[in-house]
Amino acid sequence: MKEKDGPMEPIKVLTANIDKPNSTSIDTYIESGGYEALKTALGMTQEAVIEVVKNSEMRGRGGAGFPTGMKWSFVPKNAPKPTYLLCNADESEPGTFKDRVIMEKDPHLLIEGMIISAFAIRSCPMSYIYIRGEFYYAATVLEKALAEARERGFLGKNILGSGFELDITVHRGAGAYICGEETGLIESLEGKRGQPRVKPPFPAVVGVFGGPTVVNNVETLACVPLIVKNGAEWFKGYGIPKNTGPKLYCVSGHVKKPGVYEFPMGVNLKELIYVHCGGILGDRPLKAVIPGGASAPMLLPDEIDLPLTFDAVMKAGSMLGSAGIIVLNDTACIVDSVWRLSKFFAHESCGQCTPCREGTNWMESILDRIERGEGKPHEHDLLLDMADNIGGKSLCALGDAAIGPVVSSIKKFRSEFEYHFTHGTCLPETKRYRRLGMVAAH
Amino acid sequence: MADLHPDSAYSRDRHADPGSAIAFSPANRVRFEALLERYPTKMAALLPTLHLAQEEWGWISPEAVYYIGDLLDLAPATVFGVVSFYNMYNQKPVGKYYLQVCTNLSCMLMNAYDIYDDLCERLEVTPGQTTSDGKFTVTEVECLGSCGTAPVVQVNNDYHEDMTVVKMKDLLATMK
């Protein structure tokens, strides 16, 4: 990556097709070189396809940032049960809305990526796109695109004469954040409540319907045709070592131009907010930034001069996650904002593990109480103590996610919590974003 | 299901002949059969079958729970367990227009609660309640994945983005 000598320019790699007329049609996709990578891949060995993805150093775009090629290589070759490729299109992390763009505007990019990936891991004849139920429109776009792909022989019994067989089913979820967790997704696909499984065994060994299973995010799969077509070195040309490739960043909240932005991995967060997103809404001072979806610890204004890579954001004490960036200006009350996120986690806890089920609900009630001006001094320390008893003490990462915003906000905005205790109300410059009935009105 | 409170809509006591009261329309029966082809187990078709049922009847009634259990060889309790786990399956009838306001952080920062409060006031309903003419139900929902165009209101299957109190009022006027 170049040294900073001016703002980084946005790119159009994953989003190359989205502004074209009829961008969802297979003809538009083929005219721009679509399904060429599939032909290339089917002429390669499975190992060679995995190798090129490994060499690209691509890390999964769903949140955890696990190297995709490595994930694929964990799949046993001669498993007794069929292998499955599942696309995680459950996009539910608050602040994240990038996968929807790919599915609604360029569905064939995802479908081609899935066919190549399924070929690489020797997936059985059926593969599934687990899409969140609310994305009804995206599901209809995908269904139509799949029908086109079947008609052209890109899906079916003998794909392009290679002998490889695959079909794809769109499976709609029904409103549960936890189904974005890969084993929760697997349970849900099997027709059960989406409660995450104990690991090990990991899905690569025992996943959906008892077979080896790879779960990849939409954006991850959409990168695959580009890697196969242009090579691992081309992909590594974007970003920095270990944090490679084009990346979609979602910016929302108090910025002038929210939306999905594509950059080489590692655009500077400050530059993204102030240059590309036009700065802070109302030209007010920046208060905090959540860099990677609701689960990611908050960053202060003096902490945002950093490249948005998995490693750099982690080094800053937060996480890039799904690159859902939520910007808060000084009108946002931190307690109110964290209460809203806690309410989300309390609602979405699957109820399986006691620390998470009980803890998320208690955290929400305490934050609500503090926000109403009825909190007792030192309740922020109580929250920190509770966080210690939730984090790392449940089967999946939801508990850890739930404490991220709580712990970081108490550490970084301790005085604002204390202001609520002493004054019984929010800071004067903040705005009431929800009504609290008769209690503690501004 | 036997241990459900007798007041529960799903209590068996309230349904003399559960399961036989309703059946999919012939067209939806065909769609149901096609669903079974897509999965290696019958149970895996449960979520899409419930979506189909909700499309046909607007909610997942106790009768539908028993009916779907019979179709997929599942205990009614298993079906109900799934229905109650997922947010999108309605456990009671909803209005012709189901207004779901996202109030999660990105939408909240863009004044989603103003829209939500205004809707409840204008339609004279409490959250989750349906207007007496059966036209509207209003609820608050979690992140709909449309944060860049916040606030968003989902009306039945459609997203309405970049909403304001005024735009919502105008939209309501078009809903007959």
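Which residue of β3(B) is the bridge partner of B:Leu99? In this predicted model, the partner of B:Leu99 in β3(B) is B:Val155. On the other strand concerned, β2(B), B:Leu99 is bridged to B:Val138. Strand β1 of chain B, residues 97-102, runs parallel to strand β2 of chain B, residues 136-141, and six bridges join the two. By contrast, β1(B) and strand β3 of chain B, residues 153-155, run antiparallel and are joined by three bridges.

Chain B as a whole contains seven helices and four strands. Along the sequence these elements follow the pattern α-α-α-α-β-α-α-β-β-β-α. Of the 176 residues in chain B, 44% are buried. When contacts in chain B between residues at least 6 apart in sequence are considered, 56% of them join residues at least 24 apart.

The packing of two helices in chain B was also examined. Helix α1(B), residues 26-37, and helix α2(B), residues 46-57, have axes 10 Å apart and pack at an angle of about 170 degrees. Because angles over 145 degrees count as roughly antiparallel, α1(B) and α2(B) are therefore described as roughly antiparallel to each other. From α1(B), the contact is made by B:Asn28, B:Arg31, B:Phe32 and B:Leu35, and from α2(B) by B:Pro48, B:Thr49, B:Leu52 and B:Glu56. By class, the residues of this contact of α1(B) with α2(B) comprise four nonpolar, two polar and two charged.

In chain A, an open sheet of four strands has the order β3-β2-β1-β4, with parallel pairing. From one strand to the next, the twist averages 25 degrees. Within this chain, strand β1(A), residues 84-89, pairs with strand β2(A), residues 126-131, in the parallel sense over four bridges. The bridge partner of A:Leu86 in β2(A) is A:Tyr128. Helix α6(A) lies across β1, β2, β3 and β4 of chain A, and runs at about 150 degrees to β1(A). Helix α9(A) packs on the sheet and touches β1 and β4 of chain A, its direction making about 90 degrees with that of β4(A).

Helix α3 of chain A, residues 46-55, has as its buried residues A:Val49, A:Ile50, A:Val52 and A:Val53. Seen down the axis of α3(A), these buried residues fall within an arc of 160 degrees, so they line one face of the helix. The helices of chain A against which they pack are α2, α4, α6, α9 and α10. Just after α3(A), A:Glu57 takes a positive phi of about 60 degrees.

The contact between the chains takes 48 residues from chain A and 35 residues from chain B. On the side of chain A that touches chain B, the elements giving two or more residues are β3, α8, β7, β8, β10 and α13 of chain A. The largest share of this side, six residues, comes from α13(A). By class, the side of chain A that touches chain B has 20 nonpolar, 16 polar and twelve charged residues.

Definitions and conventions. Residues numbered from 1 in each chain as written. Chains lettered and ligands numbered in written order. Predicted model: local features only at pLDDT ≥ 70, side-chain atom pairs only at ≥ 80, totals over all residues. Contact = placed C-beta atoms within 7 Å. Nonpolar A, V, L, I, M, F, W, Y, C, P; charged D, E, K, R; others polar. Pairing = 2+ DSSP bridges. Axes fitted to C-alpha atoms, helices over the stretch in contact; angles between N-to-C directions. Parallel < 35°, antiparallel > 145°, perpendicular 65-115°, else oblique. Buried ≥ 20, exposed ≤ 12 C-beta atoms within 10 Å, placed from the backbone. Arc of directions from axis to C-beta.
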